[in-house]
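Please keep the sequence and the model in view while reading.

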Amino acid sequence: MSSASLAASLLVGLTRLITGVQVRWAGCEPRVCQRLYYANHSSHLDTIVIWSALPSALRNHTAPVAAADYWECSRLRRFLAREVFHAVLINRGAGARDALARISAALSLGNSLIFFPEGTRGNGATVGELKAGLYHIARDHPMIELVPVYLQNLNRILPKGEILPVPLVGNATFGAPLPRVADESREDFLRRARAALVELGDKR
């Protein structure tokens, strides 16, 4: 077993142990196909929890879209991002066009992605407005499934600025793929995509 494979197995087990995450598939099944898993964002645990919640057959072909400045600031994070997650690292100072190009390149290889369309971490209580990037990805890649994922309690398990986790139970709910609507405006699409996340949270 390679060092990356060993690290992945250890990380999955450790994540499930620390967060006690309860995974629920509501409206879709964990099947092998190309998807964009888009989620609310309130904790540094979010990426790892979604990735760890996927069965290995899906996890091996799913990469998070992540901020380069966070994941490249230490040797361990750099190893995880590059060798374990195979993350699509985005330079937040490079602009939206460069970010979308990197995401499109990853999707063109057949990968599934984990994406946080709010663009920044929220407070964990509400879902913020979604940025236009999700709309452009959906428009440019009409064949991929857009699966909303609602995360709960992760900001309480690892509050902002803390290092040690709090022993609480987290939740990750995978919803039904967002239906495609022909000739939908950006505003209507983003409103509908956000509503799908909010609805998953309301059902908890």
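**Briefing: helix packing, sheet and salt bridges**

Helices α1 and α2 are roughly perpendicular to each other, because angles of 65 to 115 degrees count as such. Their packing angle is about 110°, and their axes are 9 Å apart. The model described here is predicted.

**The packing of α1 and α2**

- Helix α1 is formed by residues 3-19, and helix α2 by residues 46-53.
- On the α1 side, the contact is made by A8, L11, V12, T15, R16 and T19.
- On the α2 side, the contributing residues are I48, V49, W51, S52 and A53.
- Two packed helices are described by the angle between their axes and the distance between the axes.

- Helix α2 is largely enclosed by the rest of the structure, because 8 of its 8 residues are buried.
- The buried residues of α2 are D46, T47, I48, V49, I50, W51, S52 and A53.
- Helix α2 also lies across β1, β2, β3, β5, β6 and β7.
- Relative to β6, helix α2 runs at about 120°.

**The sheet**

- An open sheet is built from 7 strands, in the order β1-β7-β6-β2-β5-β3-β4, with mixed pairing.
- Strands β1 (22-25) and β4 (88-90) stand at the edges; each has a single partner strand, so one side of each is left without a neighbour in the sheet.
- From one strand to the next, the twist averages 20°.
- Strands β6 and β7 run antiparallel and are joined by 4 bridges.
- Strand β7 spans residues 171-174, and its residue T173 stands opposite Y150.
- Strands of a sheet pair through backbone hydrogen bonds, either parallel or antiparallel.

**Two buried residues**

- A66 belongs to strand β3, which covers residues 62-67.
- A66 counts as buried because its relative accessibility is 10%, and buried means under 20%.
- Beyond its neighbours within four places in sequence, A66 is in contact with W71, V88, L89 and I90.
- A66 and P179 are 113 residues apart along the chain, and their C-alpha atoms are separated by 25 Å.
- H141 is located in the loop between α7 (133-140) and β6 (145-152).
- With a relative accessible area of 16%, H141 is buried.
- When neighbours within four places in sequence are set aside, H141 contacts S104, L107 and R180.

**Salt bridges**

- The structure contains 9 salt bridges.
- Side chains of opposite charge can pair when their charged atoms come close.
- One of these salt bridges joins the side chains of R102 and D98, at 3.1 Å from N to O.
- R102 and D98 are separated by about one helical turn, because they are 4 residues apart in helix α6 (residues 96-108).
- R102 is partly exposed at 42% relative accessibility, and D98 is partly exposed at 27%.
- Another salt bridge brings together the side chains of E129 and R194, at 3.9 Å from N to O.
- E129 lies in the loop between β5 and α7, and R194 in helix α9 (residues 186-202), so this pair ties together parts that are 65 residues apart in sequence.
- E129 counts as exposed at 62% relative accessibility, whereas R194 counts as partly exposed at 25%.
- D188 and R191 also form a salt bridge, in which the closest N and O atoms are 2.6 Å apart.
- Both D188 and R191 lie in helix α9, 3 residues apart, which is about one turn of the helix.
- D188 is partly exposed at 37% relative accessibility, and R191 is exposed at 53%.

Key. Residues numbered from 1 in each chain as written. Predicted model: local features only at pLDDT ≥ 70, side-chain atom pairs only at ≥ 80, totals over all residues. Heavy atoms only, no water. Buried < 20%, exposed > 50% of the residue type's maximum accessible area, 1.4 Å probe, protein only. Contact = heavy atoms within 4.5 Å. Pairing = 2+ DSSP bridges. Axes fitted to C-alpha atoms, helices over the stretch in contact; angles between N-to-C directions. Parallel < 35°, antiparallel > 145°, perpendicular 65-115°, else oblique. Salt bridge = Lys/Arg side-chain N within 4 Å of Asp/Glu carboxyl O.
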